[in-house]
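Have the coordinates loaded and follow along.

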Amino acid sequence: MTDTLVQFSTVAVYSAMAIYALAFIMFTLDLSRRVAVVAAPAAAEIAAASANGYTTVLEKDAPAEPKAKTPRYLRAAMALTVIAWVLHVGAAVFRGVAAGRVPWANMFEFTLTATAIIIGVFLAVQFWQDLRFIGAFVTGFVLIALGVATVNFYVDVVPLPPSLQSAWLVIHVFVASLGTGFFALGAALSVVQLLQARRAAGKAARLRFLDTLPAADKLENMAYRMIVVGFVFWTFTLIAGAIWANRAWGRYWGWDTKEVWTFIIWTIFAGYIHARATRGWRGSRSAWLAIIGFTAVVFNFTIVNLFFKGLHAYSGL
Amino acid sequence: MSSPQSSDSSRPQGHFDAPETIQQPKLNFVGYLRFFWRQLTSMRTALFLLLLLAIAAIPGSLVPQVSSDPNGVIQYKANNPGIAPILDKLQVFTTYSSVWFSAIYLLLFISLIGCVIPRTKHHFDALRARPPRTPARLQRLEGFTARSATGDAATAVLVARDLLRKQGYRTEVYEDSVSAERGYLRETGNLVFHTALIGVLVTVGIGGGFGYTGQRVVVEGYAMTNTLASYDSFNPGRFFTDAALEPYSIALDTFVPTYEEQNLDALGQPTDFVANVTTTLRGGEPQKATIKVNEPLNIGGTDVFLLGNGYAPVVTVRDPDGNVVFSQPTACLPQDANLRSNCIIKIPDGLAQQVGMIGFFYPTAAPMADGTLISSYPDTINPVLSLFMYTGDLGLDNGQGTNAYALSLDNLTQIVGADSGTPAIQLRPGDKADLPDGLGSIELTSVPRFVSLDIHHDPAQLWVLLFAVLVVAGLVTSLFIPRRRVWVKAAQNDDGTLSLEYAGLARGDDPGLDAAVAEFADRHTDQLGLKVGP
Ligand code: HEM
């Protein structure tokens, strides 16, 4: 029974990966195709908007997106992403049922579930903010993560060691994944923001698809909104982790390597939020902080888990 | 420029809200101090210190720390003799209590206090102040909407005021306009957040100062008492006194591990640990209780955690006449997941010579091809204790404390095992063997288990939790409650019609402002029953 379910799960993961790959290609095609569609006025508008810098909130957002109907590639990419995501969630659920617990107790399972959450956040956010233009970034990132997880992190279903048998595993790890999802979107938007700022400064002339995307200051606002939500989840993760550590190890904070890195990430993003409110730090500098912060999240999950010694020995490897 | 924002001096220096002229400090002594203080409590310094703190925390994750991994530190020093002394000088092995790390976070918190106090005062003032005058020109503000209507300007303004009040705005009527503001809770949340951070730091400090932690190994059938002498190791806080130790005892009746037996991928992996104990408070009746991983026992103001476990073989040693000279359990340190364990036994008195033993305990012994033993399962299916023995000077008499889990071989001669000519003694429970040189005999009497308990007393724990909850509450309030101003202006035209203008101003991130102003304009004009149009 368990074996069958695990096989279902594996098949679902690989199918999801194949479809994500297609979606990634479609998203990329969409970006490259946008160059052809773009109209001259849009570029002028952006230049005008960014010439003003970010000095005022009174500036109206320039409607940079051409009013044309959704490009075909983009619609296909979104549809594929949704299909892949359903399979992806199915894979996580099968894995969880097979193991008889939540599917995030080792690095393979955590990657599986966290990437599903990243895509889930990406899809959900579309309802109030059109972020499809970072689809290539998001599906590309998730594809790589799933690839590494299935090839390098895979472990068989094993029971939970006593230290992980806690409701806090469910809460702490799930909320951390949610936070990671929002940070990922924030980082993606910040990357586009940096590109956009370069283009506005007359560099990056070859990236003509940027003309179809929102201007740098609009991207900055979007990134900020993502990261702020991520930050709340991360703060909660930090506290939930401390409560759990207090029950499992008898102290709420012991500067264990994993705790250190969770703290570092929290501090970087607190810095990001301050940077946004500090004269001279808006714009590209705070975008870099967002990217550094997300890099630290990925670092915390991969390098710290695998190579740093500490109490959080749950990689299963 | 008299922007509507400039009335707000509650923000720290360098806060991005509105352009602001830089003030030149007067450079006498007090001027310097004031200048320094302003710099320390500026946004830029707060940001700089935050990022510096993030960077300063990194080394401690790369190098083992004395607090969490003392053995790792010793190992690291042995492996890196070149750089270790330098790192030691730089306090990298104690990063989180080092002078430089402490300096950064203390500066940060001084900056924080210097930031929060004036802001709190200003916020109290703002709470009592009237919303600011309506700007002369609303056109350049956010969500600007113009409607025209017929009617009377004063009435339109009063209707707008009532509507705004119903939506939770503080309002003030200025001539033919109403000025409204809401979302003071945003700043309140921000202040609660920052103040609660201070609260967390202070209560963590208090907890560490007045609390204590101690470790103690307890073997099945034995008990520990919560007294200083009873601990194997004890770390008191700075302000600890003996009075903080509430006397109680914990006896370990049985320790019951459960190992995976079905899943071949995880054979022998522990799935549950239960310590069944009997606790006695002073003057109280003995009570049964259990301690599990993730389920500490709460007793006498302390939390008792189950941190480790292993085997403590009871070895009985007799002299040549058959008198028992040693008979007690020895907690053996587990070396791998199948609990192959190292045991150190020291018998300084009673035999013709001092005898030291290094034992290897295998709960389920299995021979390898070359004859050496391994343990293939953590439970006692085929328990074997294999012993090397030494005679000579155990080094216990020089008055220095020695490590019970290590045997210094400097002044000892091996008499059993390895090259000594006598093969290692292997005992199963109940087995007896003679010691060489007519020293006497040895018996493996039984193999009880031990647990290592971690006992914590932290009087400020709940306060830390309370402040942590306030941190989250303040954060959510400050990030998601929009603080906004809204203005409605009515102007009577010469032809008797009414021009209505609506606009808002975001204080901080406020994605919903445009929609909110537009919606308000709709409701207001509806309410007036006026015709809508530009
Ligand atoms: C222990 C160090 C600090 C941490 C962890 C921290 C963290 C944060 C966080 C997470 C926020 C966003 C949430 C909110 O608005 O409440 C924030 C906002 C803010 N912090 Fe801090 N802070 C620290 C120190 C300071 C200091 C020293 C100052 C004063 C210079 C300061 C001034 C501010 C201001 C003005 C905001 C509002 C930013 C805005 O307008 O969006 N903080 N801080």
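## The iron site

The site of the iron atom of the ligand is octahedral, with angles of 76 to 179° among its six donor atoms. Octahedral here takes six donors, with opposite ones over 155 degrees apart and all others between 65 and 115. For reference, ideal angles for six octahedral donors are 90 or 180 degrees. Donors are N, O and S atoms within 2.8 Å of the metal (3.2 Å for Na, K and Ca), and since water is not among the atoms, sites may look incomplete.

The protein supplies His274(A) and His194(B), each through NE2, at 1.9 to 2.0 Å from the iron. This pair spans two chains: His274(A) sits in helix α8 (residues 257–276) of chain A, and His194(B) in helix α8 (residues 184–210) of chain B. His274(A) is buried at 18% relative accessible area, and His194(B) is buried too, at 11%. Buried means under 20% relative accessible area (1.4 Å probe, protein chains only).

## A sheet in chain B

Over in chain B, four strands make an open antiparallel sheet, ordered β13-β12-β23-β22. Strands are DSSP E runs of at least two residues and helices H or I runs of at least four, numbered from the N terminus; two strands pair if DSSP finds at least two bridges between them.

Strands β12 (residues 314–318) and β23 (residues 441–446) of chain B run antiparallel and share five bridges.

## About the model

This is a predicted model: local features need pLDDT of at least 70 and side-chain atom pairs pLDDT 80 or more, while totals for chains, interfaces and linings use all residues. Side-chain values use heavy atoms, without hydrogens and water, residues are numbered from 1 along each chain as its sequence is written, and chains are lettered from A and ligands numbered from 1 in the order in which they are written.

How values were computed
Four donors count as tetrahedral if all angles lie between 85 and 135 degrees; four count as square planar and six as octahedral if opposite donors are over 155 degrees apart and all others between 65 and 115; anything else is irregular. Buried means under 20% relative accessible area, exposed over 50%, partly exposed in between (1.4 Å probe, protein chains only).
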